[in-house]
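This briefing is meant to be read alongside the sequence and the coordinates. It takes up confidence, salt bridges, pockets and a few individual residues in turn.

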Amino acid sequence: AGPGQRRSQQSLRKEPRKIIATVSLNEDVKLNKAEKAWKPSSKRASEVEDPENIKTQELFRRVRSILNKLTPQMFQQLMKQVTELSIDTEERLKGVIDLIFEKAISEPNFSVAYANMCRCLMGLKVPTTDKPSTMVNFRKVLLNRCQKEFEKDKDDDEIFEKKQKEMDEAATPEEKTRLKEELDDARDKARRRSLGNIKFIGELFKLKMLTEAIMHDCVVKLLKNHDEESLECLCRLLTTIGKDLDFEKAKPRMDQYFNQMEKIIKEKKTSSRIRFMLQDVIDLRRVRCR
């Protein structure tokens, strides 16, 4: 065979080797990928298999299902289902309260039903995680949850300041517009959440589940916000619980609130509808004080 023929035979021999090498390389890569993808799923499976974790997740699933059906008409029937659930650890108790709280805040029209559900669960006591010999009750965990929600507002304020700074330093008008929309949207969501929280807290207070101190925090927050939704919420809150806050010891604080309300009316920066609402609450207090 001539040199040209040998070269062509060599090239023929090399070609299949190249193909085999490529295939085996691909197979290796696939195997590695499969191995890496498989490991976390086995870890997840072992976590899920923990019987206590399964019980906890099943409890939360059932509570969510009950809350999704809750209406004043269905209350008795669904409440019976809740009392039959096994809420027997601190983690489960906190989780159930979180679920009720989130639902009540996002659906303020049903806050009365959610507050009544909390009242029915008031007798619940569970061992604490750190010291099983010590018990923690439903009311204590609920109070902590209310406090946590107020602290969340402070965190939100810091986030808004940061976003405002980003907006002020934006390089282009388009960037500035985008950041302004994001900031307005975040503020709107936070305000709605805050109002939902205050409405729910008001209902809990009416059922004697919370103290006056928390209600004063709510009034101060609403007066500070100055937007129409907050002022409307303030009027509704004071109409409902004002008489329970307005006793001799708290009179100086209440006077301050009402002076601020009169100032808002005189400034005429709000709509006439809100000014009339504020005036009605002021008149109601005068009638009560006679």
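**Briefing on the predicted model**

K251 is partly exposed, with a relative accessible area of 35%. The side chain of K251 meets that of D255 in a salt bridge, at 3.2 Å from N to O, and this is one of 30 salt bridges held by the structure. The model is a predicted one, and its average pLDDT is 83, with 83% of the residues scoring at least 70.

**Confidence**

- Over residues 14–43 the pLDDT falls below 50, and this stretch has zero contacts in the model beyond near neighbours in sequence.
- Where pLDDT is low, the predicted coordinates should not be read in detail.

- Side chains of opposite charge can pair when their charged atoms come close.
- R145 forms a salt bridge with E102, in which the closest N and O atoms are 2.9 Å apart; the pair links distant parts of the chain, with R145 in helix 6 and E102 in helix 4 (residues 90–106), 43 residues apart.
- Within this pair, R145 is buried, with a relative accessible area of 7%, whereas E102 is partly exposed, with a relative accessible area of 33%.
- R273 forms a salt bridge with E232, and here the closest N and O atoms are 2.9 Å apart; this pair also links distant parts of the chain, with R273 in helix 11 (residues 272–289) and E232 in helix 9, 41 residues apart.

**Largest pocket**

- The largest pocket has a volume of about 480 Å³, and of the 17 residues that line it, D153, D157, K221, K224 and N225 are the closest to its centre.
- Two or more residues of this lining come from each of helix 6 (138–168), helix 7 (173–206) and helix 8 (212–225), and helix 6 gives the most, with seven residues.
- Sorted by class, the lining of the largest pocket contains 10 charged, four nonpolar and three polar residues.

**Second largest pocket**

- About 380 Å³ of space lies in the second largest pocket, which is lined by 16 residues, with P108, L195, K199, C233 and R236 lying nearest its centre.
- Helix 7 and helix 9 (228–245) are the elements that give two or more residues to the lining of this second largest pocket.
- By class, the lining of the second largest pocket has seven charged, five nonpolar and four polar residues.

**A buried threonine**

- T56 lies in helix 2, which spans residues 51–69, and at 2% relative accessibility T56 counts as buried.
- Leaving aside residues up to four places away in sequence, T56 touches E91 and R92.

**Backbone angles in two loops**

- Most residues other than glycine have a negative phi, and most peptide bonds are trans.
- K208, although it is not a glycine, has a positive phi of about 60 degrees; K208 lies in the loop between helix 7 and helix 8, and at 67% relative accessibility K208 counts as exposed.
- K268 is likewise a residue other than glycine with a positive phi, near 55 degrees; K268 is found in the loop between helix 10 and helix 11, and K268 is exposed, with a relative accessible area of 60%.

Notes:
Residues are numbered from 1 along each chain as its sequence is written. This is a predicted model: local features need pLDDT of at least 70, side-chain atom pairs count only at pLDDT 80 or more; totals for chains, interfaces and linings use all residues. Side-chain values use heavy atoms; hydrogens and water are left out. On a 1 Å grid over the protein atoms alone, a cavity is a set of points where a 1.4 Å probe fits but cannot get out, and a pocket is an open set with protein on both sides within 12 Å along at least five of seven lines; lining residues have an atom within 4 Å of a point. Grid points are joined across faces, edges and corners, and a volume is the space filled by probe spheres set on the points. Helices (H or I, at least four residues) and strands (E, at least two) are DSSP runs, numbered from the N terminus. Ala, Val, Leu, Ile, Met, Phe, Trp, Tyr, Cys and Pro count as nonpolar, Asp, Glu, Lys and Arg as charged, and the others, Gly among them, as polar. A salt bridge is a side-chain nitrogen of Lys or Arg within 4 Å of a carboxyl oxygen of Asp or Glu. Buried means under 20% relative accessible area, exposed over 50%, partly exposed in between (1.4 Å probe, protein chains only). Contact means heavy atoms within 4.5 Å. pLDDT is the predictor's confidence in each residue, from 0 to 100.
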